[in-house]
Structures are given as C-alpha cells and as structure tokens.
Amino acid sequence: MTHPITFLSDYGPDDGFAGVCRAVIARIAPQARVIDLSHGIARHDVRRGAIVLANALPYAPAGVHLAVVDPGVGSDRRAIAVRSADRLLVGPDNGLLSLALARLGGATEAVEVSASPVRLEPVSATFHGRDVFAPVAAHLALGAEPAELGEWIAVDSLVGIVLPESAIEPGCLRATVGDLDGFGNAALLATAEEGAAAGLAPGRALSVETPATTVDAVFALTFADVAAGGLIVYADSDGCLALAVNRGSAVERLGLSAGDRVALRPA
Amino acid sequence: MTHPITFLSDYGPDDGFAGVCRAVIARIAPQARVIDLSHGIARHDVRRGAIVLANALPYAPAGVHLAVVDPGVGSDRRAIAVRSADRLLVGPDNGLLSLALARLGGATEAVEVSASPVRLEPVSATFHGRDVFAPVAAHLALGAEPAELGEWIAVDSLVGIVLPESAIEPGCLRATVGDLDGFGNAALLATAEEGAAAGLAPGRALSVETPATTVDAVFALTFADVAAGGLIVYADSDGCLALAVNRGSAVERLGLSAGDRVALRPA
Amino acid sequence: MTHPITFLSDYGPDDGFAGVCRAVIARIAPQARVIDLSHGIARHDVRRGAIVLANALPYAPAGVHLAVVDPGVGSDRRAIAVRSADRLLVGPDNGLLSLALARLGGATEAVEVSASPVRLEPVSATFHGRDVFAPVAAHLALGAEPAELGEWIAVDSLVGIVLPESAIEPGCLRATVGDLDGFGNAALLATAEEGAAAGLAPGRALSVETPATTVDAVFALTFADVAAGGLIVYADSDGCLALAVNRGSAVERLGLSAGDRVALRPA
C-alpha cells in the first residue's frame, strides 16, 4: 500500500514549482495520492507555513507530509525527514515542521536527507523541493524507512519556532496576531481557554486595543451573531481567539498585521 | 466503488481551508477522486458560485458535488445534501446549489445534515466545510444514503436564486451582466437564442449600451473574428451571450461589474 | 493501464475553466491521474507557457501532456496531438508545445484533432480546452492511438517558437530575460555553459546592465551565498543563468520585464 502525501509550500499559483514536485512524486510513486494543503503561504513565511501545517495535519490521513517554505535553500540548513507516531514529515529544518510535530506529540526519529541516495542528480542549489524533498517524500510513501534515505540526527537538535505567548492580566488579555486569512479574519496566538480565563464569555462586550486603534466588540460564537459589519471576537475553528467582521474584514478595519500585539478588555 | 467528488468553494488559494477539506475527505474515503472545480469564487459570492457550479456539473462524472460559499455559516441557515438524478449535491442551503439542481432536472430528495452523525466533533461555528460538508460528501462517496446522514426536508423548501431576466424589446435586448471571467469576458444573463430573437446574427453590427458608455461592436463567433482590440458580442461556451475584446478585456474596456444592465441594439 | 495526464494552462485560479477540463477528463478516463503543472501562466503568454512546460516535462512520468494557452481559439490555428518518444502532447499549434518537444528529442508523429471523433458536441468557438483538448487527452490516456483521434499532419509543419539567443562578446554576455517567477527571480535565455564561456565563475564579481540601470553583482551558487538584499547571478534549477536578490526580488530591484536585454560583464 502506498501512503498518501500532503503537500504545502510557498510556491504560489503562477509558476511550475509545485507542479514539478507533483510530477516528481508521480514518477516515483504513481499510486501515491497527493493532497494539496496550500501553495499560497506568503513567500518565505516559515511561521505562517508552520501554523497552517499544524492546524491541518490532525485532519489528514496518516502518511507522509511534505512541506517546503525554504528561504535558506542551498545554505547549510539541514533537509530533514522526521517521524511522529504514524506520520512522516519532510522539509527544511527551519522550524516549518516544528509546530505540527509538537501538536502530533513530538518527533521520535529524524534523518538528514540532503545527500539522500534518492535525490535527483545533479541537485540544484535553489530547488530542493524538486530535487530532494519530493523524491524523499515519494519513497517514504512507497514504504521506505527514514534510515534508508538519510543519516540519523538527534530529534532534540531540530530547529523550533517560538511563538509569542499571551498574557492574562487583571481585566485584560494581551496576545499577538498570528495568522491573517483571506476572509480578513485575524487569529491571535491565544487559546479560547485563555480567553475564558480573562473573562471573555459569549455575548459579553469588550474593547479591542490594537497598535492603530481601540474599538468595541462583542464576544460571539460566529459571524452571524452580529449584524453585517459588526466586529466580533470568537474562538475560531482551530481553537484560537480571533477577530472578525461579519461579511467584512477585521484585518482591514483594524489595520492588523501578523505580529501586532493586541489587548482584549472585557467591559 | 467509490464515487468521485467535485469540489468548489470561495476558500481561495492562500489559506489551508480547501486543503483541510481535501484532507478530511481523504481520511474518510481514501479512494475517492477529488476534482477541484474552483476555489477562487469571490468571497461570499453565492451567485457566482452557483453559476460556475451549474455550468460545470453537466461535464462532470456522476457522483458527489461539494460546494461551499457560506457567508451564513454558524447561523440558522440549513446544511443540505440533495439528490438530483444520479448526483448528490452537498453544501449550504443558500441558493448555491440551486442553479445546478435546476439544470440537472430538479431535486428529488433532500436532507438537513447540520447534525449529521458523520460530522466532526466538536463542530466549529465557522468552518462547516471541514466539520460538516466534507465528511458528509466523503460518506456519500462511499455509498451512504442521504437518509443515513441527515433528516428529510421538503425539496420545495430549498432556497433558490432568482437571476434577473433579459427583456426583448423592438430592436433591443436588455440583459444583466452575470459573470466576469479572468480573461475579461463578461457573460450576460441571456441565452444565445434570446440574442437571435432580438436580431443578433453572425457578422451583424450592433451597439452596446452600458451604465458607463455606448460603443459599437459586432456579433461574432469567436475572438479571432475581429482584429486585436476589437469588441465582440458572442455566444459563449455556456450558451450565454457575452462581451469580449479580442486579446483584451471587455470588463476593463467597458467598466463592467456583475449586475450591470446593458442594452444590445442591432444596427 | 491508464496513463497519467499533466495539465498546464493560463486558465487562472478564479474561474471554473481548469476545473471543467478536469471534470471532462474524469468522466472519460476515471482512472487517469491528473497532475496539475500550473494554471497561472499569464493570460495568452504562449512563450511563458512553453518555457514552463519544457522545464517541467523531463521530471514528469511518461504519458499524456495537456497544455492550453490559446489566444487564437476559434481561428484557423490547428489543434494537435503530437508524439515524442513515450510521450503524447496535446494543445494548440501555436508554439506552446514546441520547446518541450525539442527538449524531448523532437516530434515523431502529429495529428490535427479539431474535428476529432471524441470532441464534445457542439464544440464551442471559445473553449477548446473543454471540448477538444481534454477529451483527446483523456482518450490518449486510455490508450487510443493519435491516428484514431485526428488526421495526420507533417511534424515539420508544426509552429515553433524562436527564442532570442544570447551573444558572447569579449568581456560581455548579452542575453534576454525569459521568465520571471513569483519569488522575483529572472531567468535569462542563456545557459550556465554560456555564462562560463563568458568568464562567469563562482565568487566572481560582475556588473549587470539592464535597460533601466547598471549594478554590481556576484556570481554565486545560491541565494544564501550573499547577505539578505544582495544581488546574485547564478545557474538556476533549469540550467539557465538567472538574477536574484537574496530574500528579495531581482525583478523589482532591477525593474525587469520579460524580453528585456541585459549585459553581464565579469569584473
């Protein structure tokens, strides 16, 4: 049986990069199902790639998970394949895989695959998705063991990402904007539980302070709980606190960027 | 045998939404072929989603048809699975499926699936594509009957979309712009037959009056019938009258928006 | 056994065009694997489509290769299926397939398929991807012979693309910008070998003269060989000389467009 392969990258929709990787996979593992998670991660935005991957993998079938957001391609950053439970993650060792690995329960083994025997020769200096990562993912899908494809490295040597933490103060939750989606919703790096601890409850009014402005909002379950144009704070589908405007864009309304620090104050 | 699943949404290329739905489907129905129709429907544009879906389904294999453009997610709008002949359509009950159902010959049975036994718990308030629609579609692909996945509802209670009609007057066809494509072509909500009834014939000159301007055009079979930059009215590949500029954009030339009313007057 | 089908077009992400073609293929050849190479080729940019296709096909499994960038749809341009070794290419006869055919060793047989017995009737005047090319590709994937699907034409009658050549002068390589990618890298229509012949060597400084400016650069192996913001000339993953800015955009920095002529002068 061939394992399925999920695939996430910052290759974008306009070039052939993601397509060539799919072609490489199909050539090596003709039966492998490729599940595109997203190729629209902002260029080189390792953190966003890590967040989207971590949120997606719990919903994906066990198998191989290929992810490439790789601004350091061709440098001495490592190329890795990592096992976590019944999953094998493949990508650059720059933190991209780290949030997903943490959510899956941690890495149990890891290999460095830059010089993998299955790499495509000559390996280009700038497109390891095609020449290293896709072939490694395809061979793992066929059932190869990581140790056949690279050299053991210590799992505690893998590069991680540290996300800014939220802070609960009396009458205030401070958190960092982590992820902006295409609908204009802004997810905070804070959980619904942290919101509850800070006093947020369905129907309760609050103020939202951003670097640009301070506005009133209501804590709601879903967009439709307020009129069109209304601003809500809610627990999003990944369990994070988030800001949204019903049928509008919280990102535009509040001028938000990833990394902004915001304060939520229940009224 | 597992049925194929077509998939259309407004989830866009930059986030993981469509990818997570594909992952959910692959987990439940590993053999189901997923055929992405488009994920670039303008955000919350139910009418455009309905038009694109209705134009695509006659070309798709019989099976399951998942569509999600869902501005009312989390409200009391219903979530539905609907049978029409040998097809099963899944999505929100907001009119998105209605034009396709009409073209396929009408709905013969329908169930409400918001509380489907196959939904993913806990169901989020804002991402029913992942938690409700994708699991329902996947189980239908595996051969489940609609009645196993939801509660019967009356097919005549389904929400429809009413498209503005065209009007044939002496020497004039009035119609509404229904769909703008990425090439800059503008489809009208009028059929080629209505154009013929109003006197449009291949090679015949006409004037096109839009809210912004009045210009001369020619009724042609295809773009290449006029020089580069020439404006044509033609019967498009979906059987609608449409406006195009050969190797250019009619949308830009005429400043068109969906919903604009235009008048075509044979010379 | 059903052959896989790669698929490239300029249909873009926002409309249903590529999706409908996938639906047509799935209906005719339910077992055919479709490998999307890219649908983000700039509208009507036959040359870019030809370059991306030629760079991708050596990595793809043998099979059927569908490509549609077709500004002359509906005109008297021919619709073709062409064999080259163990591959069958399908698309308009406007040069789109020509660079790939040359790289694969040349065409050995070709048929004109505009009136193919497998076309979808009525054939629209403006969407031959759906009505002609996709059905032909699907039937080839099922094992049909080209001669069953069209009329023989001479392979030496196929339309080609002539790319501007580079020129090596004493102390100077002149070449044309061929391809701009989404990361802001600009590939030149010149090979790494031509660069070596002109004196480019790893670590060597050079000046880059564009229509807009003259700047200093270094010839490097990869982006990370210079500091963030540094400009490099390098051999890209397709074997072409290219311009890049580490963690930035050479296209923006140098104001480059496809077709610009640049001069590289080793220091």
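**View 1. Strand β1 of chain B in the predicted model, with both faces covered.** In β1(B), B:Ile5, B:Phe7 and B:Ser9 on one side and B:Thr6 and B:Leu8 on the other are all buried (under 20% relative accessible area, 1.4 Å probe, protein chains only). The strand spans residues 5-9, and 5 of its 5 residues are buried; strands are DSSP runs of E of at least two residues, and helices are runs of H or I of at least four, numbered from the N terminus. In a regular strand the side chains alternate between the two faces of the sheet.

**View 2. Pairing of β1(B) with β2(B).** The two strands run parallel and are joined by 4 bridges; pairing requires at least two DSSP bridges. B:Leu8 stands opposite B:Ser38 of β2(B).

**View 3. The interface of chain B with chain C.** Contact (heavy atoms within 4.5 Å) involves 29 residues of chain B and 34 residues of chain C.

**View 4. A salt bridge between chain B and chain C.** The side chains of B:Arg48 and C:Asp15 meet at 2.8 Å, N to O.

**Notes.** Residues are numbered from 1 along each chain as its sequence is written, and chains are lettered from A and ligands numbered from 1 in the order in which they are written. Local features need pLDDT of at least 70 and side-chain atom pairs count only at pLDDT 80 or more, whereas totals for chains, interfaces and linings use all residues; side-chain values use heavy atoms, with hydrogens and water left out.

Conventions. Salt bridge = Lys/Arg side-chain N within 4 Å of Asp/Glu carboxyl O. Buried < 20%, exposed > 50% of the residue type's maximum accessible area, 1.4 Å probe, protein only.
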